[in-house]
Structure formats: structure tokens, C-alpha cells
Amino acid sequence: MNNFLFNPKTPNELAKELVEKIKQHRKKLKISQTQLASKSGVSLGSIKRFESKYEISLNSFLKIIIALNLEHDLENLFTQKNYNSIDEVINEQL
């Protein structure tokens with residue numbers, strides 16, 4: 001069985017989706033870009049560039065994630081278990 005998963009999305013498309021989710025979360029919390037910059041320690045220019053061009057350093061990205069209390073989502077990012085059959089799924093639920 002081939003475990004390689006084909007993803008037709010480009011890196012830019014994936015970045016756009018990720019940024020949009022983070023931006024929606026920021027807005028849900030009613031935090032402005034300026035407030036996020038202050039809370040995270042990331043410059044306002046970097047916040048704007050992140051939300052418009054999807055460009056940011058990893059360190060600044062992590063500061064934003066922490067400021068928005070989303071670090072638990074990163075901790076769970078690669079923890080999903082892979083199953084080889086439906087039987088494995090069923091057996092785990094029992």
C-alpha cells in the first residue's frame with residue numbers, strides 16, 4: 001500500500017488557508033492587528049505582511065500563535081494516528 005498522500009494544493013494555497021484561519025480567529029477574539037503586534041511582540045508591518053502576503057519568520061509565526069492561544073493546535077498538528085485498515089479503527093474504539 002502506498003502511504004504517499006497526493007496534495008494538489010500549492011504551498012501558497014496552503015499558506016493562504018492557514019493565514020485565513022488565524023486571521024478569522026484573531027477577529028473572533030476582537031483583536032486588531034495593532035493589538036496583536038503589541039501582545040505578540042511582532043511588528044505591525046510583519047503582521048500585515050503575514051495576513052496579506054503570507055510571509056513571516058517561523059519565530060514570529062510562533063509568537064502570533066502563542067498570543068492567540070493556539071499553541072495547543074500546533075502541539076496536535078502531527079499526532080493523528082494513521083490506520084492501515086478499517087479493522088484497526090474499529091478495534092481501537094472498542
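The views below all come from a predicted model.

**View 1. A nonpolar patch lies on the surface.** Six side chains are shown: Leu58, Leu62, Ile66, Leu74, Leu77 and Phe78. Together they present about 630 Å² of accessible area. Which helix gives the most to the patch? Helix α4, residues 58–67, does, with 3 residues. Ile66 sits in helix α4. Its relative accessible area is 51%, so Ile66 counts as exposed.

**View 2. Helices α2 and α3 cross.** Helix α2 spans residues 33–40, and helix α3 spans residues 44–53. Their axes come within 9 Å. The crossing angle is roughly 120°.

**View 3. A salt bridge joins Glu51 and Arg26.** The model holds 2 salt bridges by the rule applied. In this one, the N to O distance is 2.7 Å. The pair links distant parts of the chain, 25 residues apart. Glu51 belongs to helix α3, and Arg26 to helix α1, residues 11–28. Are these two residues buried or exposed? Both Glu51 and Arg26 are buried.

**View 4. Lys9 pairs with Glu17.** Side chains of opposite charge can pair when their charged atoms come close. Here the closest N and O atoms of Lys9 and Glu17 are 3.0 Å apart, forming a salt bridge. Lys9 has 38% relative accessibility and so counts as partly exposed. Glu17, with a relative accessible area of 35%, is partly exposed.

**View 5. Tyr54 has a positive phi.** Most residues other than glycine have a negative phi. The phi of Tyr54 is near 65°. Where is Tyr54 found? Tyr54 occupies the loop between α3 and α4. Its relative accessible area is 22%, which makes Tyr54 partly exposed.

**View 6. Asn69 also has a positive phi.** The value for Asn69 is about 55°, although the residue is not a glycine. Asn69 is placed in the loop between α4 and α5, the latter covering 71–75. With a relative accessible area of 48%, Asn69 is partly exposed.

How values were computed: Residues are numbered from 1 along each chain as its sequence is written. This is a predicted model: local features need pLDDT of at least 70, side-chain atom pairs count only at pLDDT 80 or more; totals for chains, interfaces and linings use all residues. Side-chain values use heavy atoms; hydrogens and water are left out. Patches are made of residues with over 30% relative accessible area and no salt bridge: like charges are joined within 9 Å, nonpolar side chains (Val, Leu, Ile, Met, Phe, Trp, Tyr) within 5 Å. Accessible areas come from the Shrake-Rupley method with a 1.4 Å probe; for residues, only the protein chains shown count as cover. A salt bridge is a side-chain nitrogen of Lys or Arg within 4 Å of a carboxyl oxygen of Asp or Glu. Helices (H or I, at least four residues) and strands (E, at least two) are DSSP runs, numbered from the N terminus. Buried means under 20% relative accessible area, exposed over 50%, partly exposed in between (1.4 Å probe, protein chains only). Axes are lines fitted to C-alpha atoms, for helices over the stretch in contact, and angles run from 0 to 180 degrees between N-to-C directions.
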